[in-house]
Every structure is written in C-alpha cells, then in structure tokens.
There are 4 protein chains.
Amino acid sequence: MPPTPSPTSDFRERVRASLAKQHFMTTLGVRLVRVEPGEVELSMPFDARLTQQHGYLHAGALASVLDSACGYAAYTLMPEDAGVLSVEFKLDLLAPAEGDTFVARARVVKPGRTITVTRAEGFMQRAGTERLVATLGGTMMCLRDRGVAG
Amino acid sequence: MPPTPSPTSDFRERVRASLAKQHFMTTLGVRLVRVEPGEVELSMPFDARLTQQHGYLHAGALASVLDSACGYAAYTLMPEDAGVLSVEFKLDLLAPAEGDTFVARARVVKPGRTITVTRAEGFMQRAGTERLVATLGGTMMCLRDRGVAG
Amino acid sequence: MPPTPSPTSDFRERVRASLAKQHFMTTLGVRLVRVEPGEVELSMPFDARLTQQHGYLHAGALASVLDSACGYAAYTLMPEDAGVLSVEFKLDLLAPAEGDTFVARARVVKPGRTITVTRAEGFMQRAGTERLVATLGGTMMCLRDRGVAG
Amino acid sequence: MPPTPSPTSDFRERVRASLAKQHFMTTLGVRLVRVEPGEVELSMPFDARLTQQHGYLHAGALASVLDSACGYAAYTLMPEDAGVLSVEFKLDLLAPAEGDTFVARARVVKPGRTITVTRAEGFMQRAGTERLVATLGGTMMCLRDRGVAG
C-alpha cells in the first residue's frame, strides 16, 4: 500500500482551531477528547434538547458528531493549506442512544490525495460501561486552491 | 406491486404530535410545512448556531432534518399503534448549504409491513430561488408491540 | 449552479468502447440500450446463472449493472483523457428481481471536476410491464494523468 | 446488550446448502472457506471474465461476494425456518482489485430478531500477501412464514 501521509507538526492545533469554528458542535455541547494521526475522538453529553420522540438522542445528532469526528480524522493527514469536506456518509443505528455521554471514535481507513475513506463508532457511556449504538462510514475530500482551509 | 397502505384518518395529527416530541427538531428551529400520505416537508431557517467551519449549515444538521422528514413520511402509512425507527440512512452532499432556509422534502419509495424505504431531497432557498444541496435515503422500521408509538 | 459540463462530441462512441472492455458486463449478458449526456441505460436478460438461492437475480448482479450504468452516465460528461472510477455505491432492494429483463437507468445528479454524484433505478420487465426492484446511488471519480482512460 | 442468538446445530450445513443454490456464486467461481457463528469467509479466484475496463475485478463482482458473505454471516444466527434477504448494502472501494484471489470476510455487527447489521472486508491476495481493497456494510432481514428458507 502507498505510505500513509505524515501529519503536519501542528495537526492537533489545526483540528482544535477548526472544530472551534464549527458552531454546530458548540450547540451540541461537543468536546474534543483525543487527536492522533488519522484518529479523532469527540464526546457529547446526553441532553434532552437533542432527543427524538422516544427520549433517545436523535439519529441526526449522533450523525453530526460522528461526521465531524471522521472529517477531522481525515484532516489530520491533509496538507497545511487544505480544507476538508464531507462528500457522503452512511449511518447505521444499532441500539437506542440512552445514557450519560455519547462518544464518537473515528479513524482513517484509507487516506488519499483527494479522497479519504473514514469510519467511526459511536458509544453511549453510563456508569462506567459503554455500548455501541451507531456506526458511520464517511467519504472525505481534500480541498486545495479554493480559498478554504480548515 | 402490493397496494400502498392507507394512512389512518388522523395521520396529519399523529405526525404533528410526534414531531412536537422531537426536542432536537425544536432545537434546530424546524417547522412542519406539509404532510400528505407518504410525503412530509420540513423547513429549517439558516442559523449561525448550526454551521460548520466554513460558515455553511453542518452536514449533520441537514441529515437530522432529512432523516426526520423521511421517518414521518414512512409514519403516515403505518398503523395507529406503530412507532417509527430509523435503521440506517445515507447522505450525499451536493453543494454548500448557504441561503435563508433549508427545506427537506421526503417521500416513501417503497412501503412495507416492517421496512419502508424512503428518500428526501434538501434544498437551500434564497430570494425566491432554491438549489438542491443534499439528498438522503433512509430505511425506516415499523415497531409494534414494543410499548412505543409515534 | 455551475453549468453542466458539455460532453465531448464522440461521448457515445467512448462509452461503447469502454463498456466493450468490461468483460464482466459481457459475462452478465449486458447490452447498451441508450446513451445521452449524463444518462445511460443498460439491460440484462434474466438468466438462471445469475440467481440467488430463491431463484431471483442476485443483488450483486443488479448492483453490477447499476454501477456500470452510473459510471458511464458520469463518463459522458468527463474530458477526453479521463478515466472513470467508482468510489462507493449504495444499493437498496425494493422487490424480488424476477421477470424477463433487468433494465438499469442511470443519470448524473451532480457533475463535478473530480467527483460526480449519480443515481440509477433498476426495473424488471415482463410482458410489457415493468416494476422498480432496486435503486443505486454512486459516487464516481474522474481520473486524469494516471495513465488510464475509459 | 441482548445475548447473541445461538446458531442452530447444523448452521454450517445450512449455509453450505443455501450457497450451493446461489447459481451466481457458481458463475463467479466462489468457494466457501469458513463458517462460524456470525462469521463467513468466501473466496473468488481472479478471472478475466469478471473484470472492468482497466483489467481489475469489477466493483459489482466484489459487491456480490461481500453481500453473500454478509447474508450468510447473518443466516448462521437465524432460526431454522428462516430465509435471509438483503435489504440494502453500501460498498466502499479502497484500491484496485488486482491479484490472484479475492477473499471476503463477513461478520455480524448487531444481530436482531428482524434486522441484522453486518460488515465485510474484501482483500486481494497475491504471493502470500493480502491487501484490503473494499469494504461492505449490509442490512439483512430475517424472513419467516413466507414460504422461503435459506
């Protein structure tokens, strides 16, 4: 396989800075837990403002956090002047999202010059246990020379 | 093809009541525009609280509205005691979501006793024009005898 | 929206030539029915060699034809020196694939310099009627300067 | 999580018998490598009859094997009188499928009474090495009382 691209030296800071500009993540109460080359973990506390009709976290709220985690996992391996964009994603719902905190763990499956394939798992944590409630696969695009970065 | 199931007489009221319980839709500022048998339209005003790092609506916010629209399109054709649940969905992003209002138009592609396949298009409206920015395909499940309705 | 790219003058011949090199389409008995800018229709006769355990056409056989139709729909709008590649696709199965002939009708939803989003519907024809049995959404990539064309 | 359902005592024989009825798998030259509760591995030798225009295995051929592997992984956990059906699947293509043998390894991510979520990885083997070339996520349905088994 082609060698995995190296992250820039300040990839953690670049993820942090871009995430801070995603107002929607602030609205959802999302926090950055961990950034490594090709990996990002985000968390979101359960909040009644984010629920669907049965009282669980709404599938779209889960998708939002998982998508951002995937985008930033890809972004850690992109060049300095690049912006990252979601092309498409697919969410699978495995169990009702109830508990204290939702955690999204994303990683790069296949990096590429233009297209990066990513995958994330979403867990609900409660009382020291966690349960897999959703998975998301996302195709991310590296944008250059289009006046966007981050 | 098997005949399309008939909606219950109060399907509009049932959608309205269930949507009112989706606190996340309230958080997003979503409004119910139209309900017909197998079809639902929702709208969401552009709001800086819902944006990603380049200032467009976050893909997850779009997915949330499109998913709810698909779920309720399916729900219009389900029996009275049923609850509706998203099994999976796939979002395609076609253009940056900028403008005044996001509109999600969902319809049932194939109704079923257990599984209903749905599809939605998402448009950004501005100054009397609209532009297709995202599409979502979702698999919805009809839950019965599990103590949930709506 | 950006203007849709113009097809090259010989786009029909280019599709025909590339399809002739897809030995798998020959193995499946696939025939080119129609090519227009951004649209391709392929057909495949029902054949017991292509069935799954209940006697219907296998989902993978349907996916194969729908994917090729989508790829060539995208290819009609690509520059002369380009090659087309599937990045990902999603298949939804709506009804058992039984009948005389399977027909795949693909079109470009959103063309792009690098990424083209496509969509196809698959019908089973029998005795003058047709029934929608599957849909496929595919993300296609335009490859240039990599020594591939077609 | 709910306990994983137990396979029937003859689950290997049931998979083998159903796969033998999938004529399309015979057409593709597919062989059953391994069956465990919730897991199935299939292999397919490279064959020029299965290629796309650049000489690699066609995405649809890969999807066919991965889908069957996922379906049978789900089937190992289904009751004796059940039939298995693909509801939808999503294929991601990671690298050109060239080499000697394609191997599909599928497993159940989340079993369910009606819906089982599965995932498979597809590798190309050559000269003792293997490379991940595709992944597939599939939603499988358990059919009962509809006159189908297998």
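The exercises below concern the chain contacts, sheet and helix packing of a predicted model.

**Exercise 1. The contact of chains A and B**

Task: State how many residues chain B and chain A bring to the contact, and find which element of chain B gives the most to the side that touches chain A.

Solution:
1. Chain B brings 31 residues to the contact, and chain A brings 31 residues.
2. On the side of chain B that touches chain A, the elements giving two or more residues are helix 1 (11-21), helix 2 (23-28), helix 3 (59-75) and strand 3 (83-93) of chain B.
3. Of the elements of chain B, strand 3 gives the most, with 9 residues.
4. Sorted by class, this side of chain B holds 11 nonpolar, 14 polar and 6 charged residues.
5. Strand 3 (residues 83-93) of chain A and strand 3 of chain B run antiparallel and are joined by 5 bridges.
6. A:Lys90 has B:Lys90 in strand 3 of chain B as its bridge partner.

**Exercise 2. The sheet of chains C and D**

Task: Give the order of the strands in the open sheet, and identify which strands stand at the edges.

Solution:
1. The open sheet is formed by 12 strands with antiparallel pairing, in the order 1(C)-2(C)-4(C)-5(C)-6(C)-3(C)-3(D)-6(D)-5(D)-4(D)-2(D)-1(D).
2. Strand 1 (31-36) of chain C and strand 1 of chain D stand at the edges; each has a single partner strand, so one side of each is left without a neighbour in the sheet.
3. From one strand to the next, the twist averages 20 degrees.
4. Within chain C, strand 3 (residues 83-93) and strand 6 (residues 129-143) run antiparallel and are joined by 10 bridges.
5. C:Lys90 is opposite C:Gly137 in strand 6 of chain C.
6. Helix 1 (residues 11-21) of chain C packs on the sheet, where it touches strand 1 and strand 2 (39-45) of chain C. The direction of this helix makes about 155 degrees with that of strand 1 of chain C.

**Exercise 3. Helix 1 of chain D**

Task: Determine which residues of helix 1 of chain D are buried, and what they pack against.

Solution:
1. The buried residues in helix 1 (residues 11-21) of chain D are D:Phe11, D:Arg14, D:Val15, D:Ser18 and D:Leu19.
2. These residues lie on the same side of helix 1 of chain D, because they cover an arc of only 125 degrees around the axis.
3. They pack against helix 2 (23-28), strand 1 (31-36), strand 2 (39-45) and helix 3 (59-75) of chain D.
4. Helix 1 of chain D lies across strand 1 and strand 2 of chain D, and runs at about 155 degrees to strand 1 of chain D.

Technical notes. Residues numbered from 1 in each chain as written. Chains lettered and ligands numbered in written order. Predicted model: local features only at pLDDT ≥ 70, side-chain atom pairs only at ≥ 80, totals over all residues. Contact = placed C-beta atoms within 7 Å. Helix = DSSP H or I, 4+ residues; strand = E, 2+ residues; numbered from the N terminus. Nonpolar A, V, L, I, M, F, W, Y, C, P; charged D, E, K, R; others polar. Pairing = 2+ DSSP bridges. Buried ≥ 20, exposed ≤ 12 C-beta atoms within 10 Å, placed from the backbone. Arc of directions from axis to C-beta. Axes fitted to C-alpha atoms, helices over the stretch in contact; angles between N-to-C directions.
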